[in-house]
Amino acid sequence: MPVIIEILASLLIVLGGIFALVGSWGLVRLPSLMTRLHGPTKATTLGVGSCLVASVILAPGTQGDWSGHELLITLFLFLTAPVSANMIAKAHLHRQRARLDPRPGDGVEEDLPPTGTAKDWATFWRPEDRSEP
Amino acid sequence: MIQAAIATGFGCLSLAVLLALWRLLRGPSAADRILALDTLTIDAIALIVLFCIAHGSPLYFEAALLLAMVGFVGTVAYCRFLLRGDIVE
């Protein structure tokens, strides 16, 4: 295996581990859920992507051939991470509005700001409200 | 050199799993626990990929791919349950 590929793969693996660690550290340290969403959805996904790229560039040396599985996993993770973050944020907003969950005690505002119009935010619309223009 | 890098990656990812477990146990809200579970799934995928690299075998990539798909479906199902009280309407 060429030395340059080994150096590159080692750097990518270490970088991926550090990014995953930073994401989980943000999950523990940040004050409210809306800020905590940033860590796992961005840093950890990037860390996994880095590990997968290292696997791609190492595959010809260790397994003898290129394989597309890693790129498939990367594509799937990068597609699904924003969707799951959006769903978690939506569930959190609804539960905060219904006062079902404890509020973060450090003054971080969890509710959406006022829209400035007569209509409420679209995520809080009920089906019976849809008839009004 | 690649062995040392893989060991470092395993250490960092194990620490990341422990931190996510702490958030899973601590909460405080239900959405926090869902987020911690999602993070655990992504960390598990990274651990499987590192295991593949360490052993030089492509056998476990199907497991990583399946975990990526099932983890996403699980996260969405948990959120739907919180939003609607029901998963399949």
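1. I7(A) has a relative accessible area of 36%, so I7(A) is partly exposed (under 20% is buried, over 50% exposed, and partly exposed lies in between, with a 1.4 Å probe and protein chains only). I7(A) sits in helix α1 of chain A, residues 3-29 (helices are DSSP runs of H or I, at least four residues, numbered from the N terminus).

2. A word on conventions: this is a predicted model, where local features need pLDDT of at least 70 and side-chain atom pairs pLDDT 80 or more, while totals for chains, interfaces and linings use all residues. Residues are numbered from 1 along each chain as its sequence is written, chains are lettered from A in the order written, and side-chain values use heavy atoms, without hydrogens or water.

3. Now the interface. Chain A contributes 47 residues to the contact and chain B 48 (contact means heavy atoms within 4.5 Å). About 4,100 Å² is buried between the two chains, 81% of it on carbon and sulfur atoms (buried area is the accessible area, 1.4 Å probe, that two parts lose on being put together, summed over both).

4. Between chain A and chain B there is 1 salt bridge (a Lys or Arg side-chain nitrogen within 4 Å of an Asp or Glu carboxyl oxygen). The side chains of R36(A) and D32(B) meet in a salt bridge at 2.4 Å, N to O.

5. D38(B) belongs to helix α2 of chain B, residues 30-55. D38(B) counts as buried because its relative accessibility is 9%. Beyond its neighbours within four places in sequence, D38(B) touches S84(A) and T75(B).

Technical notes. Helices (H or I, at least four residues) and strands (E, at least two) are DSSP runs, numbered from the N terminus.
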